[in-house]
There are 2 protein chains.
Amino acid sequence: MGSTCVRIAIDAMGGDLAPKEIVTGALRAREELGVEILLVGDPEQIESVLPPKTNMALLEIVPSEGAVGMEEEPLTAVRRKPKSSINVAMDLVKQKRADAVFSAGHSGAAMASALLRLGRLPGIDRPAIGAVFPTMIASKQVLILDVGANVDCRPKFLEQFAVMGSVYSQYVLGVNEPKVGLLNIGEEDSKGNDAAVRTNQMLRDNNRVIFAGNAEGRDVLSGDFDVIVCDGFVGNVLLKFAEAVGEIILQIIREELPQGLQGQLGCAILKPNLKRLKQRMDHAEHGGALLLGVDGICIIGHGSSQAPSVFNAIRMAKEAVDNQVLQRIQSQDQSLQRESS
Amino acid sequence: MGSTCVRIAIDAMGGDLAPKEIVTGALRAREELGVEILLVGDPEQIESVLPPKTNMALLEIVPSEGAVGMEEEPLTAVRRKPKSSINVAMDLVKQKRADAVFSAGHSGAAMASALLRLGRLPGIDRPAIGAVFPTMIASKQVLILDVGANVDCRPKFLEQFAVMGSVYSQYVLGVNEPKVGLLNIGEEDSKGNDAAVRTNQMLRDNNRVIFAGNAEGRDVLSGDFDVIVCDGFVGNVLLKFAEAVGEIILQIIREELPQGLQGQLGCAILKPNLKRLKQRMDHAEHGGALLLGVDGICIIGHGSSQAPSVFNAIRMAKEAVDNQVLQRIQSQDQSLQRESS
């Protein structure tokens with residue numbers, strides 16, 4: 001790599017709060033993480049949100065033209081707008097001018113652009129989107145993949161997700177021996193549809209993953225598993241459900257607890273404890289989902305990403321680069337390919 | 001029907017806390033709901049948990065031999081143990097000696113027994129398990145089906161679930177014009193896999209359901225939908241995940257709120273409000289899941305059902321009988337069949 005520090009290409013135009021929140025989070029990452037930031041977008045708009053007299057060290061503005069709208073069909077839009085911010089950001093990775101890319105824009109477009117510009121890693125049939133969830137055990141997280149890239153998954157794809165997830169869990173999340181679960185409707189190996197049963201067997205036979213068996217819906221947040229693989233349909237439903245459920249329960253608490261005079265008094269007294277409760281339940285700022293399996297580090301942020309999420313996403317990207325996630329996935333997959341040939 | 005009040009056959013041997021909690025809940029239902037209770041199981045065990053001098057009006061003990069264990073393969077076990085409690089309870093419905101059945105035992109066995117003993121309703125290819133979830137809106141619930149009976153679903157099955165769910169929502173849950181959603185990974189009609197796209201179209205074309213479009217994971221508990229259809233794989237994952245999340249959050253509340261002297265005081269004052277909060281979040285309040293599409297009213301309870309859940313499940317069963325759910329599903333399906341022929 002040409003420079004001494006990690007370089008992150010940022011799609012400054014992607015997201016509901018772009019460019020302001022994106023740029024703010026990116027600048028903080030430059031300060032605190034020492035990464036080089038390449039802000040991709042409309043220079044005028046980006047400059048308008050930069051604080052006055054911003055130091056331009058480790059900061060570059062890379063012009064792009066237009067962005068993919070949330071309502072656009074991703075593949076078509078990515079093809080029709082070669083100079084859109086997401087494409088230019090991906091190109092920076094392709095040209096080795098950046099080590100990773102972050103976008104909080106249209107996630108389908110980010111995926112399409114990554115596939116078209118970077119391509120898949122050898123040995124990977126389908127890239128997957130991985131999301132990190134908090135668990136019941138405060139110190140443990142669980143990586144769930146796929147949460148939306150592939151609506152239909154063959155057992156082979158799920159096996160590849162398990163290998164990629166294990167690498168990420170081990171080298172980025174720091175889990176020593178990541179336990180992999182297969183999301184299913186029962187613990188027994190025979191449970192689920194045909195694909196689930198076959199996947200279970202393939203994971204049992206795969207000596208590159210530590211397969212801990214089927215994970216039911218109730219096990220997802222238990223902390224018993226470090227990586228859970230599933231198809232992108234159920235994963236996406238689960239991710240969006242989980243995001244909503246925390247907010248809903250906080251709202252129910254807000255509605256029910258202060259009812260009546262006694263309720264108001266009780267809540268006033270409990271104010272500090274309620275605040276702590278909210279902090280624990282607010283879905284932790286994980287920053288973004290990872291697109292695993294393309295030939296580049298890509299972090300996809302939530303459309304509503306604010307500066308702290310952007311910062312956390314860039315930290316994720318840096319950790320993935322620092323820990324050579326791509327190289328490790330490739331070496332796992334090369335041994336996989338050798339085996340199957 | 002032979003008797004003037006609703007008669008419920010209770011699998012007194014099914015469930016982790018059987019027969020004690022099952023019988024206690026059933027007796028309360030007899031008192032408060034005026035239903036006739038047929039307790040199916042080992043008479044000695046049942047009698048040992050009946051309070052002394054129990055009035056035997058509207059109460060009958062129907063002997064059975066053995067029960068299906070949680071570890072048994074359901075279909076085999078149900079066939080090999082014709083006199084097990086679940087089978088005898090189903091037979092009571094088949095023989096019109098009972099109007100509905102409740103079991104908190106092996107849910108697969110209950111389903112297998114219902115299929116073998118009662119059969120499917122005409123026009124229904126696959127029965128579905130429906131579960132009622134609370135929503136963000138205190139006065140609204142959402143019925144989700146299938147939550148586990150069918151791991152693979154053809155669009156036609158999902159369409160039938162939508163019709164059955166609408167009937168249940170309207171006539172038992174009292175929703176005037178139940179809005180049906182199709183669980184999917186995006187709002188647009190074109191989202192999801194092939195089956196999802198085709199189901200979307202079928203539901204749009206079906207004038208027996210009010211189709212409100214695709215429901216994403218985040219919409220499940222929003223209160224925007226009264227019925228959500230999905231295949232039993234994703235539904236089961238969602239149900240178990242939701243149950244676990246509720247418990248996890250109640251646990252966090254229990255840990256955080258009473259901390260410190262102020263916390264204890266505040267919680268004492270808030271006791272009634274906390275109780276209401278728990279009720280809104282607790283799945284026990286919903287009693288059980290319904291097996292829709294078999295020729296009989298079947299309510300399947302959680303394995304860990306305690307007396308209040310049993311009571312609520314029996315109330316669900318009574319409401320389904322009172323509101324002629326089976327007859328209404330059949331009349332819908334007959335018109336469906338006429339159309340397709």
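Me: How many salt bridges are counted between chain A and chain B?
Reply: This is a predicted model, in which local features need pLDDT of at least 70, side-chain atom pairs count only at pLDDT 80 or more, and totals for chains, interfaces and linings use all residues. Residues are numbered from 1 along each chain as its sequence is written, chains are lettered from A and ligands numbered from 1 in the order written, and side-chain values use heavy atoms, leaving out hydrogens and water. A salt bridge here is a side-chain nitrogen of Lys or Arg within 4 Å of a carboxyl oxygen of Asp or Glu. Between chain A and chain B, the count is 3.

Me: Which residue of chain B forms a salt bridge with Lys240(A)?
Reply: The closest N and O atoms of this pair are 2.3 Å apart. The partner of Lys240(A) is Glu216(B).

Me: Which element gives the most residues to the side of chain A that touches chain B?
Reply: Contact means heavy atoms within 4.5 Å, and 48 residues of chain A are in contact with 49 residues of chain B. Helices (DSSP runs of H or I, at least four residues) and strands (E, at least two) are numbered from the N terminus. On the chain A side, helix H8 (232-256) and helix H9 (260-281) give two or more residues. The most, 18 residues, comes from H8(A).

Me: How much area do chain A and chain B bury between them?
Reply: Buried area is the accessible area (1.4 Å probe) that two parts lose on being put together, summed over both. Carbon and sulfur atoms carry 72% of it here. The total for chain A and chain B is about 4,800 Å².

Me: And inside chain A, how much area is buried between domain 1 and domain 2?
Reply: The domain assignment, automatic or from a database, gives domain 1 (1-124 + 293-320) and domain 2 (129-283) of chain A. Met111(A), Ile124(A) and Met316(A) supply 48% of what domain 1 buries against domain 2. Across that interface the rule finds 0 salt bridges. The area buried between the two domains is about 700 Å².

Me: Why do strands E3 and E8 of chain B each have one side without a neighbour in the sheet?
Reply: Two strands pair if DSSP finds at least two bridges between them. In chain B, 11 strands form an open, mixed sheet in the order E3-E2-E1-E4-E11-E10-E5-E6-E9-E7-E8. Strands E3 (59-63) and E8 (210-215) stand at its edges, so each has a single partner strand.
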